[in-house]
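Here's a quick tour of a structure, written for someone who likes to see the cut-offs. Have a look at the model first, then read on.

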Amino acid sequence: MAKDDRFIITGLGGAKTLRGELVIGGAKNEVLKVLAGSILFCDELTLTNVPEIEDVWRMIELLKGLGIKVRQLEKNKYHLETKGLNNFSLASEISKKLRASIVVTGPLLARLGKVVFPYPGGCVIGKRPIDLFLSGFEKMGATITENEEGFVIEASRGKLQGAEIFFKNQSVTATETFIMAGVLAEGQTVLKNCALEPEIVSLGEWLNECGAKITGLGTSTITIHGGDLLVGEGKTHETLADRIEAGSFLILGALTAADLLIKKCRPEHLDALIAYLSEAGVKIEIGFDWIKVINKGDEKFTALDVKTHEYPGFPTDLQAPFAIFLTQADGQSYIFETIFEGRLNYFEALGRMGAKVKVLDSHRAIIDGPTPLSGREIESPDLRAGLAYVLAAIIASDESVVHNVEYIDRGYEEIEKRLASLGLDIKRISGNCS
């Protein structure tokens, strides 16, 4: 997938004609952390339902650089051998592009007693400070040196010490990082004001299955009793279904589908989105592991006020896709983004497509609808806004060109093939964009 790939999308002009089935893949926000958790293992492990996306490939390259052997057994299935782990320095080029690389610091510091890493990168969606990580490591007895290249962190006596850590802000990545750091630390680690996301629970349950001693998963207080390296031989972990992908496709169905079945998902992880869509007037059927959207074509959706919040609230990762839905809702909608302060930058392009939008500040925006959208050339600023632009292009009239699709590739596997299977005219074009 070339960096200059782009999508050419022929819009439906507001028609709801797509139909078919979409199968949800493994969660990006879990598998990256499970891959990092392999550092805690003394032997080997097998992972299934691994999404074939850019962020996963970057994480695998990062682990290979540490001495871990990674072998693809078949599509979406990988085997890791960790006996050769011998490097405590994260590859700078990869780390600067992959925000999730920060989570590697916890298990690596716990296992080798030292970690060297640059300031993590990823999407440009506002400040994502790492002070939670640095202060937490200090509480576990580590010393931190900062230089032009990044950070050098060393555990006293070569071993992290159990500690009580209070997160001043709920953070999924910090919660997961210190769960893993605590697995090999000496003594007990207590984490307070933890994030509650299901990906954290799934990660913790997998580590427990392999020998960790973690309690309180799914609550705001998690306790880890430090112990030995984990054992994964003969065990296989299936990655949790991606609730953000499922939510994105649910919004797609509400906007564009005559009949859309979303399979192999976890509807209970989408309670907030389903509640909002239902309140707006979307007809949704829910099964044990499926969600179905059926449109007659003459639906009128009601405007809503949406406030993002940590799980189980409305996900910040669905805020941009949901904004596209609100451009087609009747009345004035209000969005309050509480997690990131730079996540409304995509509104400028929506305005050029015809949406009536007004950004009040870096956290709040107003949308007036319903408004027909027109095809345009647009550039994805980040992963979730990129998917939102694809949704906007689908409901628009005429043709749209979506650039920077490498951002979308970071989180959605073969998105163009899956959308084409529903009847959408979408093509991936490679080559210089002129």
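Is Glu-379 buried or exposed? Glu-379 is exposed, at a relative accessible area of 53%. On the scale used here, buried means under 20% relative accessible area, exposed means over 50%, and partly exposed is in between (1.4 Å probe, protein chains only). The areas themselves come from the Shrake-Rupley method with a 1.4 Å probe, and for residues only the protein chains shown count as cover. Glu-379 sits in strand β22, which covers residues 377–379; helices (H or I, at least four residues) and strands (E, at least two) are DSSP runs, numbered from the N terminus.

Glu-379 also belongs to a negative surface patch, together with Glu-377, Asp-398 and Glu-399. Patch members need over 30% relative accessible area and no salt bridge, with like charges joined within 9 Å and nonpolar side chains (Val, Leu, Ile, Met, Phe, Trp, Tyr) within 5 Å.

## What the numbers rest on

This is a predicted model, so to speak of local features takes pLDDT of at least 70, side-chain atom pairs count only at pLDDT 80 or more, and totals for chains, interfaces and linings use all residues. Residues are numbered from 1 along each chain as its sequence is written, and side-chain values use heavy atoms, with hydrogens and water left out.

Ile-408 is part of helix α13 (residues 406–409), and at 0% relative accessibility it counts as buried. Beyond its neighbours within four places in sequence, Ile-408 is in contact (heavy atoms within 4.5 Å) with Phe-7, Ser-380, Leu-383, Gly-386, Leu-387, Val-390, Val-402 and Ile-415.

Setting aside residues up to four places away in sequence, His-237 touches Glu-30, Val-34, Thr-46, Leu-47, Thr-48, Ser-202 and Trp-206.

## Salt bridges

Side chains of opposite charge can pair when their charged atoms come close. A search of the whole structure turns up 24 salt bridges, each one a side-chain nitrogen of Lys or Arg within 4 Å of a carboxyl oxygen of Asp or Glu. Asp-55 takes part in a salt bridge with Arg-58, with 3.9 Å between the closest N and O atoms. The two are three residues apart in helix α2 (residues 54–65), so about one helical turn separates them. Asp-55 is buried at 1%, whereas Arg-58 is partly exposed at 22%. Asp-55 also meets Arg-410 in a salt bridge, 2.7 Å from N to O. Arg-410 lies in the loop between α13 and α14 (415–420) and Asp-55 in helix α2, so this pair ties together parts 355 residues apart in sequence. Arg-410 is buried, at 7%.

Helix α2 holds another pair: Lys-64 and Glu-61 are three residues apart there, about one helical turn, and their side chains form a salt bridge at 3.7 Å, N to O. Lys-64 is partly exposed at 39%, as is Glu-61 at 42%. Elsewhere, salt bridges with shared partners link Asp-5, Asp-409, Glu-416 and Arg-428 into one network.

How values were computed. Lys and Arg count as positive and Asp and Glu as negative; His and the chain ends are not counted. The place of a charge is taken as NZ of Lys, CZ of Arg, CG of Asp or CD of Glu.
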